[in-house]
Amino acid sequence: MIRSCLALLLSATLAYEAGAADPVDYDAPSSWLCRPDHPNACAADLDATVVDADGTTRIERFEAAREPAFDCFYVYPTVSLDETANSDMDAGPEELRVVQAQFARFGAVCRTFAPLYRQITLTALRARMAGEPMAMDPDLGYGDVRAAWNHYLEHDNDGRGVVLVGHSQGASVLTELIANEIDGQPIQDRIISAMLIGTSSVTVPAGADVGGAFEHVSVCRSPVQTGCVVSFASFRESVQPPANARFGRPRDGGDGRVACTNPANLAGGSAPLDAYLSAGGEIVSSSSTGDAWTRTGATIDTPFVRVPGLLSAQCVRRNGFDFLEVTVHGRPDDPRADDIGGDVVIGGAVAADWGLHLVDMHIAMGDLVHLAETQAEAWLVAH
């Protein structure tokens, strides 16, 4: 399963060619994966089985917010299996699955908006890796997201606070959107926070929380701080970033630092992670299978599992890389699984340079949703 996960979540750090294309009609419900009036992908099954350390299990039913006071706007990672270099605007099962895995759970606290966009595809990524690059348009996907954002502001926002959420290619697109359309402009006041995960695009000067990628938008250091950025890329404590790691330092080799914020403890230091991982079905998140989560023989029928106390994390700087270091607290003497999946595996070997990119969002999903709610409460008090 991990090989298919690799095909669904790798970043598209490629060379491009720009071209012209017709604009997307974001008045059309089909141009959105999620909207409050057309939930589509966000209406997926989000129930989870909680697996405690003693192997006992219980079901946690997902409950969507009935009248949420704020919004969430999501841009998904590299998932399209279209055969062209840029994707079309027809949602495939891969787009639906990644929304279920990475974003739909935010519906517990906010209205959810997730536009389709003509992203760089996995086909183009694979061609590039094979030494046969395809001509692709870097401005196409960004232009679509910008158009969807402006459509949302004009037709749906009505002065509400909004949390921006993106992973990998989606996080990079949102970084550009913030820099071009939000940073230092009046609309910045409506940004509750921006959760830009699995990317090296958010940079700051050494010892600073603002500057670098953004001139006015700071890194978040408190759960009641608003208008700020949460960003990290994750690596196992037991598999440190190698010299060729793809995340954790600026891509341009500059003097700045890649921002790292632990959503479970923005002030710094280690904290337990509230993970929502794949139970072993079609959800793209982990290589673990359902029967691997407990040795008691319990049946797991939900798409997600929670494993309280199994994971903790802290932001660290090691060997020139800034990253979220994830520790797995497995105990061989208890009946629960002692590890999680999420490593990129190529040719049967773990590709350490990718870290836990496949499960960046999943290992801290509960923390991210809770943080969005806490920051929104602070934003609402201030407004």
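1. The model is predicted: local features need pLDDT of at least 70, side-chain atom pairs count only at pLDDT 80 or more, and totals for chains, interfaces and linings use all residues. Residues are numbered from 1 along each chain as its sequence is written, and side-chain values use heavy atoms, leaving out hydrogens and water.

2. The count is four disulfides (cysteine sulfur atoms within 2.5 Å). In sequence order, the bonded cysteines pair 1-2, 3-4, 5-6, 7-8.

3. Cys72 and Cys110 are joined, S to S 2.1 Å. The link is left-handed, at -115° about the S-S bond. Cys72 sits in strand β4 and Cys110 in the loop between α2 and β5, so the bond ties together parts 38 residues apart in sequence. Strands are DSSP runs of E, at least two residues; helices are runs of H or I, at least four; both are numbered from the N terminus.

4. Cys260 bonds to Cys315, S to S 2.2 Å. Its -80° about the S-S bond makes the link left-handed. Cys260 is buried at 11% relative accessibility; Cys315 is partly exposed at 28%. Buried means under 20% relative accessible area, exposed over 50%, partly exposed in between (1.4 Å probe, protein chains only).

5. The Cys220 to Cys228 link is right-handed, with 95° about the S-S bond. Both cysteines are buried.

6. Helix α6 spans residues 365–382 and reaches 26 Å from first C-alpha to last. Its buried residues include Leu368, Leu371 and Trp379.

7. An open, mixed sheet runs β3-β2-β14-β13. Strands pair if DSSP finds at least two bridges between them. The edges are β3 and β13.

Notes. Expected span 1.5 Å × (residues − 1).
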